[in-house]
Structure formats: structure tokens, C-alpha cells
Amino acid sequence: GTQDMDWRNETALEAAFNTAPNCDALEHMYLKVLEHNSSHVATLHNYGNLLMRIRRNATAAQEQYEKVLAVAPGHVATLCNYGNLQHSLLGNLEEAERLYKSALTHDPGHATSLCNYGLYVQNVKRDLDEAERLYRQALESDPAHATTLYNYARMLQEERKDMPAAEEMFKRALSGDPEHAHVLCSYGLLRLYSHQDADGAEELYRRALAIDAHHVATLYNYGSLLEGVRQNFSGAEEMYQRVLAVDPRHMTTLSNYGGLLHTVSRNYHAAEGMYTRALEIDPNSTATLCNYGLLQQTVRAQFPEAERLYRRSLAVDPGHVATLCNYAYLSATLQNYSKAEHLLDEALAAEPSHEFAHHFRAWVRNKTRPA
């Protein structure tokens with residue numbers, strides 16, 4: 001029990017914290033320490049981390065970090081994590097940058113600060129070269145820093161489109177931390193799309209879910225693989241349902257699950273519910289607008305509503321090929337062949353090798369040209 005702890009013995013405290021059976025017990029220990037010493041820097045810092053990462057209580061975490069900095073203004077780990085709080089949870093971007101820079105002023109080689117500031121520079125300032133410099137500097141300080149390896153790999157994968165370099169970073173991350181669920185998930189996606197290695201991707205997804213059964217990105221990616229590659233629709237549905245049990249507002253899952261219910265299960269009422277929920281979260285989701293338009297067109301025969309949804313999709317992305325093709329199909333159904341041809345021209349301008357658009361345009365032209 002905590003009554004036997006030596007509050008002045010830092011080693012004993014750390015050992016007790018590390019062996020706490022759960023977060024509630026750990027929080028209780030932190031509070032007991034702070035009863036004895038309300039300015040105990042390490043406990044304030046660690047309690048702030050728990051409140052931010054586990055409790056997701058930004059206000060309470062902020063209070064602990066402020067208490068640390070009142071006593072130790074140069075406490076680098078707190079400056080770094082407080083910057084992360086301001087960046088990722090509170091959205092105070094200028095304050096986040098100030099805190100990251102302050103951390104690096106006190107310790108220019110602090111790998112986590114370099115990593116977090118790199119992510120800030122990448123996503124907020126959109127300066128990929130500077131972000132890469134910061135990631136590389138972090139890895140000079142700590143070559144096995146898993147979060148830096150992960151963030152750098154994601155940048156190489158998504159922004160640079162340098163798949164070999166991204167794969168090298170993912171492998172390095174996993175050699176240091178084989179149970180890093182984020183890395184396993186993202187590496188699975190790379191194996192699937194860069195190598196068409198569905199078996200390898202599935203193995204990585206299964207490993208990630210063995211570590212964290214509620215890892216939303218893995219559940220979603222695995223569901224997409226089961227649906228699109230394996231044609232295992234019941235397995236995909238299970239994954240989508242597991243995502244929504246954890247995050248009922250996961251927009252891409254709502255949209256994809258709606259598509260599965262619509263086109264495979266033909267549960268149109270449930271599909272419409274998914275599409276509606278997705279659009280409440282992201283009214284500009286072109287995929288959802290397109291698919292919901294198709295349901296209104298082909299299932300409900302609500303042609304004006306279908307057209308309204310297609311127009312909304314094209315207002316967001318005028319070159320969205322699936323919407324252009326569906327809208328052309330609607331126009332042809334209404335015997336407006338010239339509009340259908342124009343829409344298919346637009347689709348082929350965006351994707352010249354689109355087979356359906358080529359064949360459908362030939363059919364439409366046959367309707368409008370004299371024999």
C-alpha cells in the first residue's frame with residue numbers, strides 16, 4: 001500500500017510508480033506524493049503526462065505543467081510535453097512553438113522536443129525540409145527514438161512518396177520497438193500499396209491488434225483490406241463495427257461502412273444512416289457525397305437529391321472521377337446526353353485511362369450522334 005512509501009526516497013518512489021497495477025493506482029500515488037510535497041517536480045510532470053495522455057484532461061494537465069514551470073522554468077521534458085498539449089489538444093499553435101523552442105534552447109539535443117517540433121513544422125508550417133532536418137537531428141541524438149522514426153517514415157511515405165526510405169525507417173523503428181502499434185499499422189499500409197503484399201500487410205495489422213485491440217487506424221485499415229482485397233465482407237464489417245465502438249465519429253469508417261451496407265449487404269436504411277452521420281462530421285467528404293448520391297439515384301429514385309449531392313461533391317473537388325461518372329449516369333438516365341458527355345470528358349481529363357468513362361462516353365455519343 002502507499003502508506004509504506006518513503007516520500008523522500010526518489011528511487012523508492014520511481015519503483016512504486018513503475019509497478020503500479022493501473023492508472024487509477026498510479027494517480028492515487030501521485031496525489032499522495034503531492035500531499036507531502038506539492039512542488040515535487042517529477043511527480044507534477046508525470047501526473048501532467050497521465051492527465052494528458054490517459055485522461056485526456058487538457059485543463060488539469062495544463063495546471064500540473066504550469067506548477068512545474070513555476071518551480072523549474074527550464075524543465076525540458078515539461079516544456080516539450082506542454083508544447084505537445086498546446087499543439088495537439090488545445091490548438092494554441094503560437095504557444096506550442098514557443099514552448100518547443102524554449103525546450104530546445106535549454107537542451108538543443110533533446111530528441112523528443114526535436115521530434116515534436118518537427119511534427120509541428122511539418123503539419124502547421126508545411127516546411128518539409130525543416131521538418132526533415134529536425135527529425136534527422138533527433139535521430140543523431142537518439143538513433144532508436146521510435147516516435148521520430150515513425151513520424152519521419154510517415155513524412156517520407158505520404159509527403160515525399162519515397163517508399164524505400166520510409167520502409168527503412170519503419171524497419172528501424174520496429175527493430176527498437178517491435179510492439180509499436182502505430183508503426184505496425186503504417187508499415188502494413190506501405191506493404192499493401194507499395195508492394196501489393198496483402199499477406200504481409202495482414203500480418204502486420206494482426207500484430208498491431210494483438211498489442212492494442214482497440215487501435216482505430218489498424219482496425220480501419222484491416223477492414224479496408226478485408227473488404228477491398230479479400231472480399232471478406234463479414235470480416236470487414238466486424239472491423240468497422242469495432243472502430244465505431246471505440247470512435248463513433250470516425251468519419252472514413254462511417255463512409256466505408258455505409259458503402260459496404262449499400263452495395264454488398266443492400267441494407268439501404270442502415271447505409272443511409274452511416275452516410276448521414278459521416279456528412280454531419282465532414283460535410284465536404286467527396287466519397288460520401290458521391291456514394292450517398294448514388295443511393296438516392298439508384299435505390300430511392302430521388303434524382304433531384306442525387307444531383308444536389310453530386311454538385312456538392314464537385315464543388316469540393318471538380319475532378320472527382322467517381323462523382324463525374326455517377327453524375328453522367330444520372331444525366332443519361334434523364335436523357336440529358338450532352339451533359340453526360342461533358343461530365344465524362346471531365347472524368348477522362350482527370351483520369352485518361354478510366355475504362356468505364358471511355359466505354360460509357362462511347363455509348364452516350366452513340367445516342368447523340370446520327371448513325
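A residue counts as buried when its relative accessible area is under 20%, as exposed when that area is over 50%, and as partly exposed in between, with a 1.4 Å probe and protein chains only. By that rule Asn-81 is buried, because its relative accessible area is 6%. The model is a predicted one, in which local features need pLDDT of at least 70 and side-chain atom pairs count only at pLDDT 80 or more, whereas totals for chains, interfaces and linings use all residues. Residues are numbered from 1 along each chain as its sequence is written, and side-chain values use heavy atoms, with hydrogens and water left out.

Asn-81 is found in helix H5, where helices (H or I, at least four residues) and strands (E, at least two) are DSSP runs numbered from the N terminus. Not counting residues up to four places away in sequence, Asn-81 touches His-45, Asn-49, Met-52, Arg-53 and Tyr-65, a contact being heavy atoms within 4.5 Å.

From this residue we can turn to the nonpolar cores. Such a core is a set of buried Ala, Val, Leu, Ile, Met, Phe, Trp, Tyr and Cys residues joined through side-chain atoms within 4.5 Å. The largest has 33 residues, and those with the most contacts inside it are Tyr-117, Tyr-152, Met-169 and Phe-170. Two or more residues of this core come from each of helices H6 (93-106), H7 (111-125), H8 (128-141), H9 (146-160), H10 (163-176), H11 (181-195) and H12 (198-211). Apart from this core lies another, of 30 residues, including Ala-201, Tyr-222, Leu-261 and Ala-278.

Next come the pockets. On a 1 Å grid over the protein atoms alone, a pocket is an open set of points with protein on both sides within 12 Å along at least five of seven lines, whereas a cavity is a set where a 1.4 Å probe fits but cannot get out; lining residues have an atom within 4 Å of a point. The largest pocket has a volume of about 1,300 Å³, a volume being the space filled by probe spheres set on the points, which are joined across faces, edges and corners. Of the 33 residues that line the largest pocket, Arg-56, Asn-84, Thr-147, Tyr-150 and His-182 are the closest to its centre. Helices H3 (41-53), H5 (76-90), H7, H9 and H11 each supply at least two residues of that lining.
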